[in-house]
Amino acid sequence: MTPELATDPSAFPCEPPADLDDPDTIVEHDWHAFQSVEHMGDHWDRPGWSDGQRTYYWMLTFSGASELLGLAGHCQKALYDLGMDPVPSDGLHVTMLRVGRTDQVSVDQVEQLLTVAQDLPVQAFRLLAHPLAGSRGAVRFSLSPWRPVIRLHAALADAGERVGIPGGRPTSAFRPHLGIAYNNRTRPAAPVIHAVGQLRSLPPVALDVATVELVELRRQDRAYRWRTVHSVPLRPEVPSQPSAPSR
């Protein structure tokens with residue numbers, strides 16, 4: 001069963017799409033939300049991130065996904081004149097869930113979390129990364145379908161609760177996306193929306209998700225960098241059974 005998503009003013013988009021599986025519905029919902037943005041803010045101007053801070057996160061990473069890297073690079077090149085901070089080719093990721101700062105989560109808790117996470121009730125799945133939309137602080141690919149990612153988020157949140165870690169935002173406020181460039185100053189959104197709109201006809205790329213990574217995340221040179229603590233495999237995808245012959 002998929003957890004319910006809720007309207008949340010702190011999330012973007014504030015409201016979830018009407019259909020969590022249909023790519024067209026998700027893509028148009030993301031685009032409509034981005035079109036409603038009037039001003040973009042500095043992504044890096046966030047309270048709670050101090051110099052040298054290290055924080056555990058669950059993430060999906062894509063260092064070997066050549067089609068995704070090529071598509072992201074193409075879009076970043078086309079948006080170069082906007083002066084945003086492109087996500088490095090080895091830094092593309094989907095943020096799943098915050099676990100907690102390294103000074104708040106003990107090594108023992110990390111080991112307990114990894115033990116619990118070895119049996120996540122989530123099968124491997126395939127996503128599509130669609131060009132292109134954005135938020136109040138970034139340009140990003142839309143992802144579809146949302147349902148398997150939401151289930152994974154909920155399973156990770158449940159694992160964290162069982163271990164007693166600080167955790168992050170609830171699944172009800174989760175909005176799956178894949179950032180390719182971070183906005184680094186306050187600016188009117190209209191020129192960015194116009195530039196992004198020129199890239200929306202590009203075809204999506206497929207991403208096969210078979211693992212989720214627990215990482216130690218840091219900020220470095222206006223980019224996110226991380227050390228992978230452990231890669232947790234998801235359950236193998238069960239092949240569909242052939243239908244019985246009619247009699």
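## Basis

The model is predicted: local features need pLDDT of at least 70, side-chain atom pairs count only at pLDDT 80 or more, and totals for chains, interfaces and linings use all residues. Residues are numbered from 1 along each chain as its sequence is written, and side-chain values use heavy atoms, with hydrogens and water left out.

## Aromatic pairs

The structure holds four aromatic pairs. Rings of Phe, Tyr and Trp (its six-membered ring) pair if their centres lie within 6.5 Å; planes under 30 degrees apart are stacked, over 60 edge-to-face, and the rest tilted. In the pair of Y182 and Y224, the ring centres are 5.5 Å apart and the planes stand at 80°, so this pair is edge-to-face.

Y182 belongs to strand β7 (residues 178-182) and Y224 to strand β11 (residues 224-233), so the pair ties together parts 42 residues apart in sequence. Strands (E, at least two residues) and helices (H or I, at least four) are DSSP runs, numbered from the N terminus. Both Y182 and Y224 are buried. Buried means under 20% relative accessible area, exposed over 50%, and partly exposed in between (1.4 Å probe, protein chains only). Ring pairs also link W44 with Y182 and Y224 in a cluster.

## Helix α3 and its packing

Helix α3 spans residues 107-117. Its buried residues are Q109, V110, L113, L114 and A117. Seen down the axis of α3, they fall within an arc of 135°, so they line one face of the helix. The arc is that of the directions from the helix axis to the C-beta atoms. Their cover includes β2 (55-61), β4 (93-101), α4 (147-163), β10 (211-219) and β11.

The axes of α3 and α4 come within 9 Å and cross at roughly 135°. That makes α3 oblique to α4. Angles under 35 degrees count as roughly parallel, over 145 as roughly antiparallel, 65 to 115 as roughly perpendicular, and the rest as oblique. Axes are lines fitted to C-alpha atoms, for helices over the stretch in contact, with angles from 0 to 180 degrees between N-to-C directions. Q109, Q112, L113 and V116 of α3 make the contact with A159, G160, R162 and V163 of α4. Contact means heavy atoms within 4.5 Å.

## Backbone exceptions

Most residues other than glycine have a negative phi, and most peptide bonds are trans. The bond from F12 to P13 is cis, with omega near -5°. P13 sits in the segment before α1 (23-35). P131 and L132 are also joined by a cis peptide bond, with omega about -10°. L132 lies in strand β5 (residues 125-134).

D221 is not a glycine, yet has a positive phi of about 55°. D221 is in the loop between β10 and β11 and is exposed, with a relative accessible area of 72%. R222, not a glycine either, has a positive phi of about 55°. R222 lies in the loop between β10 and β11.
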